Amino acid sequence: MLEKRELHYTELSNICDPSGFGFKTTDELLPLEGIIGQDRAVKAFDFGLRVKSKGYNIYMSGPSGVGKTTYAKLSTQKIAETEKVPYDWCYVYNFDTPRTPQSLRFKPGIGRQFRDDMADLVDTFNAEIPKAFSTEQYEKDKAQLLKSYDDKKEEVMANMSKMAEEYGFSIKTTNSGMYFMPVIEGNTIDEDKYNDLPEDVKAQINSNSDAVQENAAVFMRAIKDLEKEAKKANEDLDYKVGMFAIGHYIMSLKEKYSGYERVISYLDDVQEDVLENISQFIEEEVEEEETLAGLLPLMAKKPAEDITLKYRVNLIVDNSRTDGAPVVIDFNPTYYNLVGEIEYDSEFGNLTTDFMKIKPGLFHKANGGYLIVQAQDILSNVQAWEALRRVIKTKEITMETLKEFMGAVVAPTLKPEPIPVNLKVIMIGSGYYYDLLNECDDDFGKFFKIRADFDYEMPRDNENIIEFARFVRGYCAKEELLSFTADAVARVIEYASRQVESKTKISTRFNNVGEILCEASTWASLDGSFVVTGEHVKKAVYEKGYRMRMYEEKLTEMLDEDIIMIDTEGFRVGQINGLAVLDMGSYSFGNPSRITATTYVGTAGIVNIEKEADMSGPTHNKGVQVISGYLGSMFAQQFPLSLSCRICFEQNYNGIDGDSASSTELYAILSSLSGYPINQGLAVTGSVNQMGEIQAIGGVTYKIEGFFDLCKRRGLTGTQGVIIPKSNINDLVLKEEVIEAVKNGTFHIYAIERIEEGIELLTGKEAGVRDENGNFPEGSVNAKVYEKLKSFYESSAEE
């Protein structure tokens, strides 16, 4: 018989001794600043913040609850405070292409000044222009100007009338135009009299008419030229008066913003537009007319157009009150929230917009600084990732409607001038999203060159334990919790170790730890205590588990009532107790299950009934194939296997995956072939390879506790226990009652390295090792298996 290792109760302990902490309560400690147990991720993240080259955006990967978002915010804000404040950005009217509003850049705080200055300038326009055009001097100059051109026009008309008289015509003016009428002997000839004239007189009149019309054309062109000159002179007068009214105000602004070339050009455009449209600023008296709208006061009237709108400034980024570079954190990064949006108004069924309705997005607000987003949020919103990658790639913000961005035909709208962007994107998510983006987007590696990978656990050494206690101190201060005693901190550390199922590690999922801190503080308050003790932490852990234990208790009831059949005493051939972990998300527990194996003559090999029923996962299927490899290597060197075997997880209706039961299934097959019964007081977990070596598995703590609870309810016999892989010893963080049972000898835990050790524990029989002749010892398990397989082969050969 091989030597087996039964674990001593001291090897199962997860006890954290508070005697070496050096404090009585957490009030004696300084709060933790930063994060613990994440040296690799912290170095990568801090380095990524320092690199300002293109593409050095940061992806923070790791499980939720380890403090990625909090650390990103605090560290980024710390470095952002030392960096310069970015520019202000404005959109103004584009007088050349009105549908493409022009962007203007200013030093921090100057954008607000410019907006206010332009608002004051518009008020000045409204006040000074009408005043300048209502002066007596203007009216006198305008009247004199018009009179001079009227005199010239009358002179031309007189000359034209004289020319007509020379040809025997007079000029008749009506509402429809000007006519030349023939004159004979001082009398004007109308059409009736014209028809009675002799033919030679008619011919002379027609000849003279052609000459008059030809000469009149010259006079009419002169009149047209005079009218144009009069209009131009009037416009020049208005321009001169308008320039006198507003010129020095605009010049003052140009001097103030002399360092901004684009602003100077914009102010020139404003001046020219105002002077060209000066009449819009002059109030004219309009007589009230009785219109339909006037008779029906309830009828909707179109609001008057604001003629000064195009001279206003849309300040979309105002950094006048910003200290350092901006740090923007958002959890709803929709497409429009990222790139900004152009709003519309509905007027009489028509959608209208203008440059003042341009609203900034996260890119605008974070420009010159840092943008922190969640990978899941980005990928959950339509076109959000495409918008993000385009900004990173082009380094400019282009505002387009979502329909336009996706290639759909849309109504004409504004296309604001793109704004150059310089920002660092920090994306937070799991490793799954990192791999997904890396696989689906060829440029992802170019966009996010820094990966800060956060671990879910850290070493349980003295340094990290003290840092953990300082975290508790800081969390209590932030959440206004009661202080924790050293014993309470020790119990929290034990809980954190149990979360990662390791005596040598502590969980870095501080969100889960924080829940226990809050609940323990609440239980302490309800108990009337002024500090949180270890008992309060134990109470919080127990109650948290109790709230989520309903499904476990339902399974427990079915086990106790033998609805789910599990033996914990006696011996059975081809039947063994396997162990599984049921993961309910935030709660996991162990659940024993019966595994059976039947063997008979045939060539089907090992048939996994779960697989045949489509209830087996790929890893479990692999484990079954490994068993076939082990049996062939061990027993089929002289003859082929002529075996049909069925293995089954009895009463399994939810499916199974994982290879942690592969050694268990192999034990059941060996029992069925050898005829040696298996001790039902033992349960087994562990993966096996083709060489018969036992491999580590997950959830070993929950599996042991699940079988222990069942045996305890039925009564511990002193022979019950669990067989686990030796490589899982450091993963044992068992609850106190299991450790106590092992200490008292009423429950046993065996750690093995090979399949032979396990079969001897289960059957009480020697496993058997081949001698120099290749034979197994008579009566050993392997000898019995070999004989049975040989008999199967002989039986199949006879057929």
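Predicted model: local features only at pLDDT ≥ 70, side-chain atom pairs only at ≥ 80, totals over all residues.
**S674 and its surroundings**

I began with S674: the backbone oxygen of S671 lies 3.4 Å from a polar atom of the S674 side chain. On another side of my notes goes the backbone nitrogen of Y676, which lies 3.2 Å from a polar atom of that S674 side chain.

Where does S674 sit? I found S674 in helix α23. Buried or exposed? With a relative accessible area of 10%, S674 is under the 20% cut-off, so I put S674 down as buried. Leaving out residues up to four places away in sequence, I listed V781, K784 and V785 as the residues that S674 touches.

A reminder for myself about helices: an α-helix has 3.6 residues a turn, so residues three or four places apart point the same way.

**The largest nonpolar core**

Next I looked up the largest nonpolar core, and I wrote down 44 residues for it. Which residues have the most contacts inside this core? They are L631, F635, Y667 and I669. I then checked which elements supply at least two residues each to this core, and helix α23 (662–674) is among them. Also among them are β25 (588–601), α22 (618–635) and α27 (781–798).

Not counting residues up to four places away in sequence, F635 touches L670, R770, F776, N782, V785, Y786 and L789. I noticed V785 in my list for S674 too.

There is also a second, separate core, which has 40 residues.

**T596**

I went on to T596, which lies in strand β25. T596 has a relative accessible area of 15%, so I called T596 buried, the cut-off being under 20%. What joins the side chains of T596 and E650? I found a polar contact of 2.4 Å between them. Not counting residues up to four places away in sequence, T596 touches G574, Q575, R646, I647, C648 and E650.

R572 has its place in strand β23. At 37% relative accessibility, I noted R572 as partly exposed. How far apart are R572 and G675? I got 103 residues in sequence and 9.4 Å in space, C-alpha to C-alpha. Leaving out residues up to four places away in sequence, R572 touches D567, S671, P677, I678 and Q680.

I563 is in a loop, the one between α20 (550–560) and β23 (571–572). Its relative accessible area is 45%, and I wrote I563 down as partly exposed. I563 and I724 are 161 residues apart in sequence, and their C-alpha atoms are 27 Å apart in space. I563 touches M558 and Q651, again not counting residues up to four places away in sequence.

**The second largest pocket**

Then I turned to empty space. Rolling a probe the size of a water molecule over the atoms shows where such space is left. How much space lies in the second largest pocket? I noted about 1,500 Å³. This pocket is lined by 50 residues, and G34, I35, I36, G67 and Y71 lie nearest its centre.

I sorted the lining by class and got 17 nonpolar, 15 polar and 18 charged residues. Which helix gives the most to the lining? That is α16, with 9 residues. Among the other elements that supply at least two residues each, I noted α1 (39–50), α2 (68–80) and α18 (510–526).

**L481**

L481 lies in the loop between α16 and β20 (483–484). I marked L481 as buried, with a relative accessible area of 18%. L481 and V531 are 50 residues apart in sequence, yet I found their C-alpha atoms 9.1 Å apart in space. Not counting residues up to four places away in sequence, L481 touches Y475, C476, L517, C518 and S521.

**Helix α12**

My last entry is on helix α12 (residues 384–394). I found α12 mostly covered, with 8 of its 11 residues buried. The buried residues include W385, L388 and I392. Some charged names are on that buried list as well, namely R389 and R390. Just after α12, K395 takes a positive phi of about 60 degrees.

Key
Residues numbered from 1 in each chain as written. Heavy atoms only, no water. Core = buried A, V, L, I, M, F, W, Y, C linked by side-chain atoms within 4.5 Å. Buried < 20%, exposed > 50% of the residue type's maximum accessible area, 1.4 Å probe, protein only. Helix = DSSP H or I, 4+ residues; strand = E, 2+ residues; numbered from the N terminus. Contact = heavy atoms within 4.5 Å. Polar contact = N/O pair within 3.5 Å; in protein donor to acceptor, adjacent residues only side chain to side chain. 1 Å grid on protein atoms, 1.4 Å probe; cavity = no way out; pocket = protein on both sides within 12 Å on 5 of 7 lines; lining within 4 Å. Points joined across faces, edges and corners; volume = space filled by probe spheres on them.
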